[in-house]
Structures are given as C-alpha cells and as structure tokens.
There are 2 protein chains.
Amino acid sequence: MQLDTDRFLQDLDALRTIGTYRTGVHRPTFSPQDMESRHWLARRMEEAGLDATIDGIGNVFGRHRGRGPHLLAGSHIETQNHAGWLDGALGVIGALALARAGLPVDVCAYADEEGHWGDFLGSRSLVGDLTEADLDAARNRTTGAPLRPALAEAGLAGRPRLALEEGRHKGALEMHIEQGTQLETGGLRIGVVTGIVGIRQWRIVIEGQQDHTGGTTMRERRDAGLAAVRLLAAIDAEFPKVCAERSVWTTGRILLEPNLPMIIPGRAELVFSFRDLSVEVMDRMEACLHALVRESNRRERCPARLEAIGRSEPAPCDPAIQAALRGAAEALCPGAWQEMPSGAIHDSQVLARKLPVGMLFVPSIGGISHHWSEDTKREDLELGMRVLAEGARRFLQA
Amino acid sequence: MQLDTDRFLQDLDALRTIGTYRTGVHRPTFSPQDMESRHWLARRMEEAGLDATIDGIGNVFGRHRGRGPHLLAGSHIETQNHAGWLDGALGVIGALALARAGLPVDVCAYADEEGHWGDFLGSRSLVGDLTEADLDAARNRTTGAPLRPALAEAGLAGRPRLALEEGRHKGALEMHIEQGTQLETGGLRIGVVTGIVGIRQWRIVIEGQQDHTGGTTMRERRDAGLAAVRLLAAIDAEFPKVCAERSVWTTGRILLEPNLPMIIPGRAELVFSFRDLSVEVMDRMEACLHALVRESNRRERCPARLEAIGRSEPAPCDPAIQAALRGAAEALCPGAWQEMPSGAIHDSQVLARKLPVGMLFVPSIGGISHHWSEDTKREDLELGMRVLAEGARRFLQA
C-alpha cells in the first residue's frame, strides 16, 4: 500500500475550486457545477487506473480492474446550497486515495445524498431500491421542477443505471466529517462509527379554539398552545425513562395559529423526531409517545393527532470493519479516538441493506455543517486518510 | 325619561351604512369613512339638543345644555379593520339615546380606542394625559405614517382639544358588547361590569445554541425551545397557586429560530401576558413569573430574559353605578344578568382616572369580535338600552 496523503489533500483542494462559494462550495445535484465535478472525478478515477462510468442517475463509479476481494468506498460529491467543501467530498476523495494506493477498491460518488431531488437516489439505485416510476415522480425539493428534464439537461438521459454486482464487495467504507462537536470537545481526532441512527419523525397537530385573551376565562378556554406545552413537557419527563444512552429527541418546529400576542392559540402544529441506533429502543420511544398523546387527549379539551411523516431504519456498522478501523486508529493515534454512532444520515445506511458497512469520522471545527464555513484541520484530514487506509488494509486481509 | 328604543335601533342601523363591509363595517380612525361617521354623529347630537363639537383629536362631544348633575356617556365610533358594527358604536348610540330620552347626559365618541394611532388617544386627551409631543410622535400602527398629517387631512388640524370640566360629571357610563361567550353560555342577557382588568405583558427571550439534531447529544444541547417548554409548563403548574378566580394568563406567541424540523432551536421568543382586576393579585403573579424565570436560569443552560412590554392598570367600576345598574337589570330581566369583570380594555379605564365609571355588557353571538361577522340579537340590544337608561336614571337620582 503506497498511500499519498499529499496527493489526497491536493485532490480535495482541486475539487474545492469547482463551484466555490466563499470558503465553501455550491454544487446542488445536477447543476452545471455538480456535473463538472462528476466529470472531473471520472477523469481522476481513470488516472488512478479505474474504469470510470457516470450512470443514469449520476453515480460516478470507478471500477477496480484487478482481482478481489474488493471494497466499495465513497460518499457524495454534490453539496447542500452554499455549503462546506468536505461534506461528502472527503469520503469520495478518500476512496480515490485508497485506489491510488493500490488497494482493490471500487470508488463511488453516490448521487444526491443531499436530497435535492429525493432520498438517497444514487445509493438506492445501486442497491436496486429505486424504480423508473420513482424517477418519473421525483421533483426538486426547492423548485418543484421534475427530475427527468434535469437528468436530460445534465446529459444523463438514456444512460443505464448501475447495480451492485452480487458477491463482488467484501464491504463498504465511508469517511465523513463528524458534523458535531463530540470529537472536538473530547480532544479526539477520529471517530469509529458503530452505526447510523434511525429516525422517526412526527407531525403533532393540536386543535383548540381561537379566542380573545381578555374575554375568555381559563375554564372556558381551549388553548392549543398550552396543550402543546403540556404534551412536550410530558415527553421531556417520560422519554428519559425509556430511551437509551445516546437517544436524542427534538421539537424543531412549533407553529401556533394565529401566533398573535393577545389571541388564544386555536391550533398548534409541532414537528417532533427522535433517533437511536436500536429499533427496540425506538419502538419503546414510539410507544411512549403514543401513550402520552392518548393521555393528552384524555386530559385536554384540545384533541392532539399524531402523524408519522418520516422514518429511516438504523444501520449498525459491521463488527469486522469496526474492529479493523479501531485497530488502525489505536495504531496511528493511540488514545485519541472513540467509538460513536452517527446521528446524521449517510449513504452507508442504504448500502447496509446489501453490504457490511463501516464509517470513519474526522472532527468538524465548531461542529459546523451545511454552511460554507464548515472546515476540518488539515492534520485531521491527513490522519483520517491514514486511518481509513490502514483500516481498509486490515479489513481486506482479515 | 322618554326612552325611544326604536329610534336607538334605527340610529344603529343608520351608522352601519357608513363604511359597510359585508355585514360589518370598516372605519379605521381618521379614514374618510370614520370622519363621515363623526360628522354624522355630530348632526345627530345637535338634533338631540346637545351642543356638538369635534375636537382636535377627533373626539365628538355633545354637551347637554341644561343643569346637572351630569353623566358622561359614550364609547368609540371607529372600528378595527373589517370589523363589527356594534363594537364601540353601541355605546355611542346608547349614550345618544339617553340624551334623546331627556336625561342630563353629555355624549362622547372617544377617538381611536381601537388604537390605529396610539393608546386611547381620545379619552387620554379628555382626561389630560396626552401631550402635544405625544401627538408629534404618534404613528399609524400598520403603515407607520405620522399622525399630524392624517389629522390635517381629516380636517382636524388646529382645532382645540377638549378637557373634562372639573366637577361637571357625577360619573361615566359605557355600554359595550361582551366580546366573549360568558353571557351566551350562561343563558344571560346583561352583564354588570365590576371593573376592567389590568394587563401585564412580557416578552420572554431564551437564548440557546442552534445545532443539528443528529450530531448533538442530549447532554451537549442547549435547546432554547425545550427550555421555553419547561418554563411555560412551570407557569402552568404554579400560576393557579397565586392567581384569583378570574385571573387569565396566555402565551399567544411562540417563535423558535430557525423553526426547522431537524434543527435544535437556538432561540425562542415568547409573548406572555396575564390579566386580573386586582393589583395585588397581579403583583403576586408577577413575582411568581420572576421566580420561575430565575429558577429556569438556575436549571437550564439557555438563559431566559424577561422584558415588560405592556402594562395597563385595572379600573374597578364605581360601587354606586354598579348598584344602580344591578337594580335596573334585576327590575328589567330578573335572574338573567350577572356581575362580571371586563377582560378587554375600554375607554372607561382611562376615564376612571378622573371619574367614577360603570359599564354594561350585552351578549356577543358566539363571542365573535374584531371580525365583520360580529353581532348581537336585536332584543338583547333593546334590553341593554333599557337597562342602561334605567341604571342611569337611578344613579342620577341616588
């Protein structure tokens, strides 16, 4: 294995010049800048001795020409709007560096992990979970524009979509920035990911009666905002009893109607979600949520309704890949790494439907993500690359 | 006393034709429709034998020509935008009917109770609590336009402003729609107002740390939304221990930032208010609120800040006027009336700084107010008029 970390950093810097926005980049999926970066990547793959293809959904796939067992490695190359230079790019260029180092690695940039047009279109297509009807129906999340014409404009219409070759890959690896502050806060440099959390997301709608605050006694009121506060306070009190150590839950959105100082809210709409690595724990949290809504409906004169609006399954990382990455981390930065779940979603959770997966985190400065100021120290990028390569080597040999 | 309730209803219907909007009216203060209604009212006052003046702030004052003791009676004639035909108008036309009935009553339409340009400009001007500097500073609440040019355009520039004549009035009376459902719900037809509640209004700002829901553990979080929920739940638990029977408290507005489903709220801004008839009770509620915010700041990692943004003092109604109105109600609709505080604000609370005041409520259908569909049954209007007149007569004789 001949790892060239200077070249790895040069490639990252070169990719950063495509769609530059301040110190970050702006490459929404299938935009001219995004397509430029995909073609640039395909040329880098060929240069590294891989057979490069851009498929019908925009996946950029570099196939290793030699014998296996093979690893699949990669991440995504498009970005959120006006976002960071490393989110996605790090895992793609890291995978390219593995191939350049002579490891038997197929490199892939999975299209549209960032969800401009749907949910994990590229990785779902690769694992066979994306139909032509899904493509017909897909729309841009911001503009509502249909996907098909955008694919045609990007030069992708009519291209076949690639599928994972059964039995080819021993596993899949993805390096990514942490998008949090746990490593930084702990003074650590590497996170070995134990799994990607599942998410269950809910809309909670509470119907009350809009009234003037002056003319309506407390007894007469049906205050939807107050019923919402009581339900959220009950969740705050009860969830700690059913959750696991790393469970999280969040009320990100509260909308009162009419949300005017002197009017009793007639309606409240909340968006609530929770995450955990374990389906069993999430089932307990969901049962608790349902029980608390039922209790609210017994207690309050404002009926509450629970609607599931999002669900993704947790994806545990492969024990053998984790062991290889732990060994590599302990060899290269002893005591300066930890095991941790990924709270954010990644293509690896889709790949996990077909392959053993593993992920490696490097620190994010200040935890900033999905913003152009996102960054990671160069020595952390370099160390991450070395741990990834050593972990890949160990796993392939195991 | 020669009360003509038919004429009273005719006057109400006539006024309703000025600025008609659906079944309601649209007469914002100093608009052409509003000024048309003020001139119409001045002609009706002259017709009723009063000396009518429109003063420099738009008060329409009809002075009784005979000997006292005099009552002052009235309400406001402008409306909220696209609002009801009775809110304000009822008290003005009711006062006019008292004068027509031969009672020694000065009639006044106090300008801008609805607050298009400020707080109680007309009644404050009458009691001497409005300076020329206040007028210079006043702006339209919706458009931001300055008041002075609007007064000029309405033909009011340069007119003197009237002041209450010391010792002239034995008291002030105001009839108004309830703007609530207590009378309707109780099957009652008259409310004798015990006082107008005071209001204290607060902005509560809670500062946290915006973060991604996935990457931030519960321990690391500084969730401003959750801190807000806990504070509001504490208010919900503690206020019943310090409040009085008719106290009310409301969180009308909750603004989270950025209020996105998958982002931990970094900031929460609440508007909270409470009302009661008693300063002592409001002082207890305020002390409790301060204590709960201090406790929140000990408990939470998101500092909460309390800003007073509004305060009006409670105005108890005069015992002798209340007694006269109770006697009239019991004589004219025995068992179908109740004593009640006014939760909404009215000019009477300003007049109470100088005069004994009393108020009478008639039912609002469905409690609707500040909306063009506001209405009251004609038999309730007529009964209200009769109780008001009989109450006025009794109080003048007492």
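Trainee: Which residues of α2(B) are buried?
Mentor: First, some ground rules: this is a predicted model, where local features need pLDDT of at least 70, side-chain atom pairs count only at pLDDT 80 or more, and totals for chains, interfaces and linings use all residues. Residues are numbered from 1 along each chain as its sequence is written, chains are lettered from A and ligands numbered from 1 in the order in which they are written, and side-chain values use heavy atoms, leaving out hydrogens and water. Buried means under 20% relative accessible area, with exposed over 50% and partly exposed in between (1.4 Å probe, protein chains only). In α2(B) that gives Asp34(B), Met35(B), Ser37(B), Arg38(B), Trp40(B), Leu41(B), Ala42(B), Arg44(B) and Met45(B).

Trainee: How far apart are the end C-alpha atoms of α2(B)?
Mentor: Helices are DSSP runs (H or I, at least four residues), strands likewise (E, at least two), numbered from the N terminus. The expected span is 1.5 Å times one less than the number of residues. With 16 residues (32-47), α2(B) should therefore span 22 Å, and this agrees with the end-to-end distance in the model, 23 Å.

Trainee: At what angle do α1(B) and α3(B) pack?
Mentor: Axes are lines fitted to C-alpha atoms, for helices over the stretch in contact, and angles run from 0 to 180 degrees between N-to-C directions. The axes of α1(B) and α3(B) are 10 Å apart, and the angle is about 140°.

Trainee: Is α1(B) oblique or roughly perpendicular to α3(B)?
Mentor: Angles under 35 degrees count as roughly parallel, over 145 as roughly antiparallel, 65 to 115 as roughly perpendicular and the rest as oblique. That angle therefore makes α1(B), relative to α3(B), oblique.

Trainee: How do the axes of α8(A) and α8(B) cross?
Mentor: Both helices cover residues 224-242, and their axes come within 9 Å. They are roughly perpendicular to each other, since the axes cross at roughly 110°.

Trainee: Which residues of α8(A) make the contact?
Mentor: Contact means heavy atoms within 4.5 Å. From α8(B) come Leu226(B), Val229(B), Arg230(B), Leu232(B), Ala233(B) and Asp236(B). From α8(A) come Leu226(A), Val229(A), Arg230(A), Leu232(A), Ala233(A) and Asp236(A).

Trainee: Is Glu286(A) buried or exposed?
Mentor: Glu286(A) lies in helix α9 (residues 279-299) of chain A. Not counting residues up to four places away in sequence, it touches Arg200(A), Trp202(A), Phe274(A) and Arg311(A). Its relative accessibility is 17%, so Glu286(A) counts as buried.
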